[in-house]
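Please read the following briefing alongside the sequence and the model.

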Amino acid sequence: PPSWGPPPTLPPRHPHRAARDARYYLLFVACTPPAGVARYVLGMLAGQRHELDDMLLGSLADRMSGAEFREVIEYIQPSAWPSRLQWALTCVIEMGDTCEMLRHVLDVLAAFGEGLLAQLLKALLTDPLLATTAKLLAQAEPRTLLRQRLPKAEGSAASRALWLVYHREACRAGAPYTREELRRDAHLTAKAPLSRPEVLLLGVDAPSYKLLIEEAPQHAVCAFAYRLLEAEPAFAAKLSQAQLLSVVELTASGLRDDAHWETCRRVVPAVEPAIALRLSIDLFKASRELPDLQLLKHAYHRVDCFTRKQVWLPAELGALWTSHRDALQREVVEGALPHATTLGGMFSAHVPRLDSASEAAEGGAKQEGRL
């Protein structure tokens with residue numbers, strides 16, 4: 001009734017109460033046996049006396065069993081999981097039974113529906129603790145457990161992207177994927193091949209580069225072939241002529257950068273003569289160095305006669321031929337010809353000279369006249 005006056009109100013919260021409560025709680029944690037802390041926290045959460053904040057989570061990391069961990073993470077709201085995932089993974093790694101702890105996390109995430117599950121699984125897969133520090137994906141059991149929880153990629157772009165992230169992180173952790181696994185898990189088909197962004201996502205090391213060059217050469221050769229050739233020049237023999245000549249760093253424009261010369265020099269001896277000649281011509285035009293002239297010479301000598309007929313060096317070398325014509329003619333061209341067809345061979349002692357033949361004919365005519 002109005003005669004009673006206004007209803008009573010709660011006293012204002014003291015501005016330092018939160019800090020005081022935190023000190024009291026930390027004092028409680030320090031004085032309580034570790035096994036009892038988690039039970040007390042779970043009781044607070046069940047009675048909704050305190051929210052699950054950083055203070056509570058920080059006190060639980062090494063003070064709970066696997067079953068208590070499962071109960072605690074069930075109180076994490078879906079919107080809070082992205083910020084709590086790091087804490088959960090730390091517990092998974094440090095609390096002993098890795099597979100069992102990881103299974104608890106995946107079970108709770110599965111309760112939030114496929115959309116949020118896929119989002120959190122992607123965050124889980126790319127977390128540094130999971131992929132690099134702990135190397136969980138390098139272990140067969142955690143890897144199998146994750147594979148079982150990933151949604152099927154068929155008909156879903158989001159699921160396909162998730163599988164690609166899984167294979168990338170597994171490869172980084174030392175568990176490379178095979179071409180068959182990639183095709184099956186990401187549902188690769190003739191109508192849905194790997195795109196360029198997907199190829200760039202999957203390429204993390206030399207084995208993955210080679211696999212992707214087989215699976216999607218139209219994207220992977222330009223992206224990864226030169227990196228492979230730097231480390232393994234003999235890999236050039238596995239590339240077709242069109243693929244090798246499409247490597248930008250080994251083209252005429254790419255060889256303007258002298259950083260690419262050494263790799264090109266190592267690739268030339270490893271490829272077929274016709275490709276070696278093309279590469280050595282472009283390399284010598286860019287560098288104008290004596291070792292590259294020798295590469296050009298050997299490549300020109302290795303090709304068949306028909307190829308030499310089709311390669312007109314004055315046009316290929318341009319101004320370089322004009323300024324070094326004699327040396328190039330002598331070192332490169334004439335070295336590939338039979339001796340009798342060179343200028344030196346044509347006028348050697350073993351080939352009749354034109355003036356000697358004329359003198360012999362004139363002498364014979366005079367002798368016939370005398371007769």
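Of the contacts in the protein with a separation of 6 or more, 56% are between residues 24 or more positions apart, where a contact means heavy atoms within 4.5 Å. The model is predicted, so local features need pLDDT of at least 70 and side-chain atom pairs count only at pLDDT 80 or more, whereas totals for chains, interfaces and linings use all residues. Residues are numbered from 1 along each chain as its sequence is written, and side-chain values use heavy atoms, with hydrogens and water left out.

**Overall make-up**

- The protein has 24 helices and zero strands; helices (H or I, at least four residues) and strands (E, at least two) are DSSP runs, numbered from the N terminus.
- Buried residues make up 39% of the 371 residues in the protein, with buried meaning under 20% relative accessible area, exposed over 50%, and partly exposed in between (1.4 Å probe, protein chains only).

**Salt bridges**

- Side chains of opposite charge can pair when their charged atoms come close.
- A salt bridge is counted here when a side-chain nitrogen of Lys or Arg is within 4 Å of a carboxyl oxygen of Asp or Glu, and by this rule there are 21 salt bridges.
- Asp185 and Arg147 form one of these, their closest N and O atoms being 3.0 Å apart. Because Asp185 lies in helix H11 (residues 179-185) and Arg147 in helix H9 (residues 140-149), the pair ties together parts that are 38 residues apart in sequence. Asp185 is buried, with a relative accessible area of 7%, while Arg147 is partly exposed, with a relative accessible area of 23%.
- Arg179 forms a salt bridge with Glu215, and the closest N and O atoms are 2.7 Å apart. This pair links distant parts of the chain, with Arg179 in helix H11 and Glu215 in helix H13 (residues 206-215), 36 residues apart. Arg179 counts as partly exposed at 24% relative accessibility, whereas Glu215 counts as buried at 17%.
- Asp292 forms a salt bridge with Arg265, again with the closest N and O atoms 2.7 Å apart. Here too the pair links distant parts of the chain, namely helix H18 (residues 290-302), which holds Asp292, and helix H16 (residues 261-267), which holds Arg265, 27 residues apart. Asp292 counts as buried, at 0% relative accessibility.
- Arg70, Glu74, Asp107 and Arg149 are linked in a network of salt bridges.

**Helix H10**

- Helix H10 (residues 157-172) has 16 residues and reaches 23 Å from its first C-alpha to its last. This is close to the 22 Å expected at 1.5 Å a residue, the expected span being 1.5 Å times one less than the number of residues.
- H10 is mostly covered, since twelve of its 16 residues are buried; among them are Arg160, Trp163, Tyr166, Arg168 and Glu169.
- Just after H10, Gly174 takes a positive phi of about 100 degrees.

**Single residues and their contacts**

- Arg308 lies in helix H19 (residues 305-310). Arg308 is buried yet has no salt bridge, and the nearest side chain of opposite charge, Asp304, is 7.2 Å away; Lys and Arg count as positive and Asp and Glu as negative, while His and the chain ends are not counted.
- Leaving aside residues up to four places away in sequence, Arg308 touches Tyr300, His301, Val303 and Ala336.
- Asp282, in helix H17 (residues 273-287), is buried, with a relative accessible area of 11%. Not counting residues up to four places away in sequence, Asp282 touches Ala252 and Leu255.
- Tyr75 lies in the loop between helix H4 (66-73) and helix H5 (81-94), and is partly exposed, with a relative accessible area of 33%.
- Tyr75 touches Leu42, Leu45, Ala46 and Leu52, not counting residues up to four places away in sequence. Tyr75 and Leu42 are 33 residues apart in sequence and 9.4 Å apart in space, C-alpha to C-alpha.

**The largest pocket**

- About 260 Å³ of space lies in the largest pocket. On a 1 Å grid over the protein atoms alone, a pocket is an open set of points where a 1.4 Å probe fits, with protein on both sides within 12 Å along at least five of seven lines. Grid points are joined across faces, edges and corners, and the volume is the space filled by probe spheres set on the points.
- The largest pocket is lined by 13 residues, of which Tyr300, Trp312, Pro314, Gln329 and Val333 lie nearest its centre; lining residues have an atom within 4 Å of a point.
- The elements that give two or more residues to this lining are H19, helix H20 (313-317) and helix H22 (325-333).
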